[in-house]
Amino acid sequence: MSIRECAKSSEAFAKLHDAYCNREKALLEFKAKGGKVAGCMGADVPDEVLIAAGYLPIHVYADPDKPLTLTNVYLEFPFDPAIRATFEKLVDGTYYDLFDQLVISHTSDAELRIWLYLREIRRVERDRKVPPVHFVDWLMHRRMMYQETNEQVIERFRQTVESWTGRLITDEELIEAGRICNEDRDALRAMGELRHCAEPRINGSEALVIIGSALFMERAEHAKLVRQVVEDAQSWPVLTGKRVFVTGSNQESTDLYDIIEGAGAVIVGEDHDWGDRYYDRDMNLSLDPIKGIVDRYMLRQISSKKSSIDSRVRELDEAVAATDAKGVIFYLNVYDDSGSWDYPSQKKSLDANGIANAYFAKQQYPVAKNEGLPEQIATFIQGM
């Protein structure tokens, strides 16, 4: 199904689609005006701190067509192939002139190891064009002792960013940045309602563009465009098809969604970092701002890479119920193994609730490398 003509006819959607497809465009324009850009790797870099300091946060992403010349030298093979493809751009100089700083969050063990490798490369190979790199060492378990530690982590991050700018970041600036991010998340929730409802008007590929474009542009501008798309979409045709929820590896392009919806499904939600999880939970602006930031990132829907199996079962069941999905597709890249640990218990619960499900593990990257995948997905959709 991919991007429909009704979406293409929306001027606001066209601008979001342009930002999604031309991912360096906004940052180059921002830098041309004298702005500073921070590259972000991992789903838990606190954008609020960067925005408060005047930085534009931009997410790193994989290029599936780039030869992994340096990655094969530095990085062992058993990494998620999308992370390996991203690593190549971090060490071959692609991002060196684009980013003033690189921030990596402890979203998974893979990000931790990437940070350690980059730090060592910068130490040993001074001529290698790797951006200055900082690590945000989140502890994601929902306990008071971890919350207190995380508040110290984010306060140190605030001080680090202050050292970059040579000035203090005030609480008022953090709160204003939180307000900007909350407004964007609220706009995305309004968009989400047009996917999750009984008569969806935005398909999965369109939603990935709307959500994912936020990773590559200024949040205030993004929120304004999303609001306009929500207004435009009120008149788009109601989508018909079997309602499907997607879980597993991050989808940095619409390729997988195009296959699923091309087989007659409507993707009504997902829980990976480039989808619905991105805008889950606001920063609580009534709290001390550091506490508000920690509250937001610790208590939102937790990543499969740092969650207990019980939590993943409960949250998937809740998401499937909230979107009224009739089927779930598990899609995992080769070496992206954390989701496979959750799957047996998740499947057991889905089966008990009468929810059809299909499991596609050890998938090659990019999606197009998987021979027979479209046919397998079509068979599942038809059999739901």
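Student: How many helices and strands are in the chain?

Tutor: There are 16 helices and 8 strands in the chain. Both are DSSP runs numbered from the N terminus: helices are H or I with at least four residues, strands are E with at least two. The radius of gyration is 20 Å, close to the 21 Å that the globule rule gives for 384 residues, so the chain is as compact as a globular protein of that length. That radius is taken over C-alpha atoms, and the rule is 2.2 Å times the number of residues to the power 0.38.

Student: What should I know about the model before reading on?

Tutor: This is a predicted model: local features need pLDDT of at least 70, side-chain atom pairs count only at pLDDT 80 or more, and totals for chains, interfaces and linings use all residues. Residues are numbered from 1 along each chain as its sequence is written, and side-chain values use heavy atoms, with hydrogens and water left out.

Student: What does the C-alpha trace span along its principal axes?

Tutor: About 60 × 45 × 45 Å.

Student: How do I read burial, and what percentage of the chain is buried?

Tutor: Buried means under 20% relative accessible area, exposed over 50%, and partly exposed in between (1.4 Å probe, protein chains only). Here 57% of the 384 residues are buried.

Student: Which residues of helix α10 are buried?

Tutor: They are G204, S205, E206, A207, L208, V209, I210, I211 and G212. That is 9 of the 9 residues of α10 (residues 204-212), so the helix is largely enclosed by the rest of the structure.

Student: What do the buried residues of α10 pack against?

Tutor: Contact means heavy atoms within 4.5 Å. The partners are the helices α1 (5-8), α2 (11-21), α9 (171-196), α11 (219-233) and α12 (255-262), plus strand β6 (265-270).

Student: What happens at the start of α10?

Tutor: A side-chain oxygen of N203 comes to within 3.0 Å of the backbone nitrogen of S205.

Student: How do I read a polar contact?

Tutor: Look for a pair of N or O atoms within 3.5 Å; within protein, one must be able to donate a hydrogen and the other to accept it, and residues adjacent in sequence count only if both atoms are side-chain atoms. Take R312, in helix α14 (residues 309-323). R312 is buried, at 4% relative accessible area. Its side chain makes a polar contact with the side chain of D342 (3.3 Å).

Student: Is E48 buried or exposed?

Tutor: E48 counts as buried, at 0% relative accessibility. E48 sits in helix α4 (residues 47-52). Its side chain makes a polar contact with that of R185 (3.1 Å). Not counting residues up to four places away in sequence, E48 touches several others, including L174, A177, C181, M283 and Y297.

Student: How far apart are E176 and E48?

Tutor: In sequence, 128 residues; in space, 8.6 Å, C-alpha to C-alpha. E176 is in helix α9. E176 counts as partly exposed, at 37% relative accessibility. The side chain of E176 makes a polar contact with the side chain of R179 (2.7 Å).

Student: Which residues is I154 in contact with, leaving aside its neighbours within four places in sequence?

Tutor: P46, V49, V136, W138, I290, I293 and V294. I154 lies in helix α8 (residues 144-165). I154 is buried, at 0% relative accessibility.
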